[in-house]
Amino acid sequence: MKTMHKWFWAWEFEEEEQWLAALAEQGLALKAVGFCRYDFEECAPGEYAVRLQRLAKPVRKPESQEYITFVEETGAEYIGTVNQWVYFRKRTEEGPFELFSDAASRIRQLDGLLCFLLPLAVLNLFIGLQNLVMYHTVGLSANLIGILNLALCGLISCGAARLWNRRKRLKQENELFEN
């Protein structure tokens, strides 16, 4: 077993999936996941396809458990969960493996991520501005925390903008396909 540690932002889920796919192509199949931790086992190169998805509800909820069971019934193996992200793998010999069957389901995935990220950005903006205002009464530490919150707000906003643009492209492609 080989363990790797890597950080991905929530809006980088496609990059994370591509990274896991590239490792599977090299003969390292995802076996377990944790916060910034990936455990791999050796496999034949390209033996597995790996997919991940953010669930709308926490994994302990019945709806999420039903969904995981549904995906497992297609022949996929449930690897684990990090927050609301679930990881699956499936042998490539069993055929294509996709969690999103159409553009509408991909758009719903992006909508869920945006609904998660935008309040975080606003919260960090509010806390950052509050700390900058408190600088005169609390001191330098509030100013530094405020700057950190504003930087985090900017980072999350950039990630949300990437997701929004991806969502916009998918909607346009979906409209072209439907017409």
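**Side-chain contacts in a predicted model**

Visitor: How many salt bridges does the count come to?
Guide: This is a predicted model, in which local features need pLDDT of at least 70 and side-chain atom pairs count only at pLDDT 80 or more, while totals for chains, interfaces and linings use all residues. Residues are numbered from 1 along each chain as its sequence is written, and side-chain values use heavy atoms, leaving out hydrogens and water. A salt bridge requires a side-chain nitrogen of Lys or Arg within 4 Å of a carboxyl oxygen of Asp or Glu. By this rule the number of salt bridges is 10.

Visitor: How many residues apart in sequence are the parts tied together by Glu14 and Arg166?
Guide: The side chains of Glu14 and Arg166 form a salt bridge with an N to O distance of 3.2 Å. Helices (H or I, at least four residues) and strands (E, at least two) are DSSP runs, numbered from the N terminus. Because Glu14 belongs to helix α1 (residues 13–25) and Arg166 to helix α5 (residues 140–178), the pair ties together parts whose separation in sequence is 152 residues.

Visitor: Where does Glu47, the partner of Arg91, lie?
Guide: Arg91 and Glu47 meet through their side chains in a salt bridge, 2.0 Å from N to O. The pair links distant parts of the chain, 44 residues apart: Arg91 is in strand β6 (residues 85–91), and Glu47 is in the loop between β3 (37–42) and β4 (48–54).

Visitor: Over which ring does the charged end of Arg89 sit?
Guide: Arg89 is linked with Glu41 and Glu77 in a network of salt bridges. A charge sits over a ring if NZ of Lys or CZ of Arg is within 6 Å of the ring centre and within 35 degrees of the ring normal. For the charged end of Arg89, 4.1 Å from the ring centre, that ring belongs to Tyr48.

Visitor: What is the angle between the planes of Trp9 and Trp11?
Guide: Rings of Phe, Tyr and Trp (its six-membered ring) pair if their centres lie within 6.5 Å; planes under 30 degrees apart count as stacked, over 60 as edge-to-face and the rest as tilted. The count of aromatic pairs by this rule is 10. Trp9 and Trp11 form a stacked pair, with centres 5.2 Å apart and an angle between the planes of 0°.

Visitor: Which strand holds Phe88, the residue paired with Tyr78?
Guide: Tyr78 and Phe88 form a tilted aromatic pair, 5.9 Å centre to centre with 55° between the planes. The pair links distant parts of the chain, 10 residues apart: Tyr78 lies in strand β5 (residues 77–82) and Phe88 in strand β6.

Visitor: Which residue has its charged end over the ring of Phe116?
Guide: Phe116 is in helix α3 (residues 103–133) and is partly exposed at 36% relative accessibility. The charged end over its ring, 4.6 Å from the centre, is that of Arg54.

Terms used
Buried means under 20% relative accessible area, exposed over 50%, partly exposed in between (1.4 Å probe, protein chains only).
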